[in-house]
Amino acid sequence: NGKIYNTYGNVAGYFYLNRTNDSLTQENIRLRMALLESKLDNRVVKGEESDSSKKFVQKYTYTHARVSYATVNRPVNFLYLDKGAKHGIKKQMGVIAPNGIVGQVVSVTENYAAVMTIISKDFRVSAKFKKNDYFGNLHWSGTNPRVAALEEIPKHVPVKVGDTLVTSGYSQLFPRNVMVGIIKKVDAQVEKNFLDIEVKLSTDFGNLTHVYVINNMYKQELVTLDTLTGIKPKP
């Protein structure tokens, strides 16, 4: 009887744990949607006063998905997610994990989605220093899946090992201030105008199980502006 009750308890505990995890996931989504970074300032200023009835509206919504397949050691790396078109997932949506940015949805079927991760040779993302808002382009060096390079940071910018890097918000994919990584190494070479900066990525792609797919509800307006100005958008 003891063995039977123990087995029953283990099985019941497993399903209870799943329910608890689902509940925590939904709570995480609610908290993330409540952040100012997920809102659009919709206040209309009239003279000296603003219309307080408008305030902030939702700009980003999030869908939880589980990783069913992943690569980390190829020139271009992908994740497969267990959510697809019928769950509202579309191409060119951003993807983040609890610890930081992940990548962009590139293919979608009815029940699954493929994500190109930031550890891909052609992937670029705009990132800034949390302490001073100086921004540059982050790209993968092509070797270590935990290390990337930050480009276009002038030498006069104060950068130290241990500084925090977050998303800049200059993107159709990611809200601002999503964790990117920590500065691992800084080198100022005489013949160069910009710093050589190595970044330890906050997302461990070798141990990734849960992600959030981002829906930018105002993305189409940005796409329209890009078309009118001829500017090619960055991730």
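So, I197: leaving out neighbours within four places in sequence, it is in contact (heavy atoms within 4.5 Å) with F129, A148, A149, L150, I153, V159, I183 and K185. I197 counts as buried because its relative accessibility is 4%, where buried means under 20% relative accessible area, exposed over 50%, and partly exposed in between, using a 1.4 Å probe and protein chains only. I197 and D187 are 10 residues apart in sequence, with 6.4 Å from C-alpha to C-alpha.

Quick caveats. This is a predicted model, where local features need pLDDT of at least 70, side-chain atom pairs count only at pLDDT 80 or more, and totals for chains, interfaces and linings use all residues. Residues are numbered from 1 along each chain as its sequence is written, and side-chain values use heavy atoms, with hydrogens and water left out.

Okay, where does I197 sit? In strand β15, strands here being DSSP E runs of at least two residues, numbered from the N terminus. Strand β15 (residues 196-201) pairs with β14 (residues 179-187) in the antiparallel sense, over six bridges; to count as a pair, two strands need at least two DSSP bridges between them. One of the residues involved is I183, whose bridge partner in β15 is V199.

Zooming out, six strands close into an antiparallel barrel, in the order β10-β11-β12-β15-β14-β13.

Now over to Y80, in strand β6 (residues 78-81). Y80 counts as partly exposed because its relative accessibility is 40%. Not counting residues up to four places away in sequence, Y80 touches R66, V67, S68, Y69, A113 and A114. Y80 and M116 are 36 residues apart in sequence and 9.2 Å apart in space, C-alpha to C-alpha.

Conventions:
Helix = DSSP H or I, 4+ residues; strand = E, 2+ residues; numbered from the N terminus.
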